[in-house]
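These are my notes from going through one model. I put down what I looked up, in the order in which I looked.

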Amino acid sequence: MSTLPFRLRFLASVIIATLLTACSAEDGVDGPVDAQLWDIVTYEGHLTGNSGSVFTFRQVNDSPLITLTSNKTLEDTEAGTRMMIRYIPENGKAYTDDRINLLSAARINNGSAETEWKKEYDNWNRDKVFIYSSWRSGTYINFHLRLTYSTDPRVFTLVLDPSTRDSEMPEFYLVHIMAEPTDYHDRAYFASYNIAEIWDSPSVKGVRIHVADTNLNKDIFTFHKNN
């Protein structure tokens with residue numbers, strides 16, 4: 001991954017940091033199988049004494065903020081990083097503040113949305129994306145999608161149309177531009193962009209996200225406040 005937030009050497013969305021694997025009947029172990037959850041979360045940092053990790057997230061839209069605490073410590077991870085984690089709540093209840101058994105964690109493509117348009121973004125829709133789903137969780141816009149695989153850096157970011165900054169419904173573009181057009185296989189990825197700078201403005205009632213999608217036949221995703 002490049003040092004620039006929007007030029008990415010993509011990582012597959014499969015988990016790349018397995019911390020612990022739960023036993024199941026398929027492993028030849030008798031007994032109940034604990035239900036596992038997968039969520040996109042924000043890594044908040046480690047506990048005092050480097051004795052564990054803290055994650056926060058909203059499940060969808062403006063649902064309550066959930067705090068999860070694990071005794072697993074993540075190395076070389078900065079606070080504020082968005083991650084996909086697989087875990088089991090210790091109290092057995094989903095989506096409540098709780099200590100968790102952290103099974104795996106992986107950084108996903110993430111950052112703050114760009115608010116300045118650059119000339120290179122004019123080709124924002126040259127290389128199409130295959131959207132499975134897009135949803136809002138708090139001030140984050142999240143994507144589950146497929147992109148053409150390449151080891152070369154590419155431009156992939158969420159960018160505000162500056163001319164709409166002061167409107168009630170600012171408009172963003174999901175920019176995807178590969179180093180060069182490539183005919184190769186796809187891989188699935190997750191991405192999460194923070195739009196707090198725009199979303200938190202009192203005059204904003206929602207946002208529109210433009211995408212060059214080849215799957216859902218939908219080129220604009222609209223998210224309203226209080227939904």
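Entry 1. Which residue in E5 is the bridge partner of Trp38? I looked it up, and the partner is Arg86. I note here that the model is a predicted one.

I then followed the pairing of strand E2, residues 37-46. E2 and strand E5, residues 82-89, are antiparallel and share six bridges. E2 also runs antiparallel to strand E3, residues 53-57, and four bridges join E2 to E3.

Is E2 mostly covered or mostly open? I count it as mostly covered, since seven of its 10 residues are buried.

Entry 2. I stayed with E5 and picked Ile88, which has its place in that strand. Ile88 is buried, because its relative accessible area is 9% and the cut-off for buried is under 20%. I also looked at its distance to Gln36, which is 52 residues away along the chain. The C-alpha atoms of Ile88 and Gln36 are separated by 5.0 Å.

Entry 3. I took the overall figures for the chain. The protein chain has 227 residues, and 45% of them count as buried. I find one helix and 14 strands in it. Its accessible surface is about 11,700 Å², with 47% belonging to carbon and sulfur atoms. Of the contacts with a separation of 6 or more, 66% are between residues 24 or more positions apart.

Entry 4. In what order do the four strands of the open sheet stand? The order I noted is E7-E12-E9-E8, with mixed pairing. Strand E7 (109-112) and strand E8 (130-137) are at the edges with a single partner strand each, so one side of each has no neighbour in the sheet. Neighbouring strands of this sheet are turned by 20° against each other on average, direction ignored.

E8 pairs with strand E9, residues 140-148, in the antiparallel sense over seven bridges. Trp135 stands opposite Asn142 in E9.

Entry 5. I went on to the largest nonpolar core, which holds 25 residues. Phe143, Leu145, Leu158, Phe172, Leu174 and Ile209 touch the most other members. The elements giving two or more residues to this core include E9, strand E10 (154-160), strand E11 (171-177) and helix H1 (196-199). E9 gives the largest share, four residues.

What is Leu158 in contact with, leaving aside neighbours within four places in sequence? I listed Ala113, Glu114, Ile141, Phe143, Phe172, Tyr173, Leu174, Tyr193, Ile195 and Ile209. Another core, of 14 residues, lies apart from the largest one. Among its residues I noted Leu37, Leu68, Tyr87 and Ala105.

Entry 6. I looked at Glu171, which is found in strand E11. Is Glu171 buried or exposed? Its relative accessible area is 19%, and the cut-off for buried is under 20%, so I count Glu171 as buried. The side chains of Glu171 and His210 are joined by a polar contact of 2.6 Å. Leaving aside neighbours within four places in sequence, Glu171 is in contact with Val159, Leu160, Asp161, Thr164, Arg208 and His210.

Entry 7. Tyr95 has a phi near 60° and sits in the loop between E5 and strand E6 (98-107). At a relative accessible area of 29%, Tyr95 is partly exposed.

Asn217 also is not a glycine, and its phi is positive, about 55°. I found Asn217 in the loop between E13 and E14. Is Asn217 buried or exposed? Asn217 counts as exposed, because its relative accessibility is 78% and the cut-off for exposed is over 50%.

Notes
Residues numbered from 1 in each chain as written. Predicted model: local features only at pLDDT ≥ 70, side-chain atom pairs only at ≥ 80, totals over all residues. Heavy atoms only, no water. Pairing = 2+ DSSP bridges. Axes fitted to C-alpha atoms, helices over the stretch in contact; angles between N-to-C directions. Buried < 20%, exposed > 50% of the residue type's maximum accessible area, 1.4 Å probe, protein only. Contact = heavy atoms within 4.5 Å. Areas by Shrake-Rupley, 256 points an atom, 1.4 Å probe, with all protein chains shown as cover. Core = buried A, V, L, I, M, F, W, Y, C linked by side-chain atoms within 4.5 Å. Polar contact = N/O pair within 3.5 Å; in protein donor to acceptor, adjacent residues only side chain to side chain.
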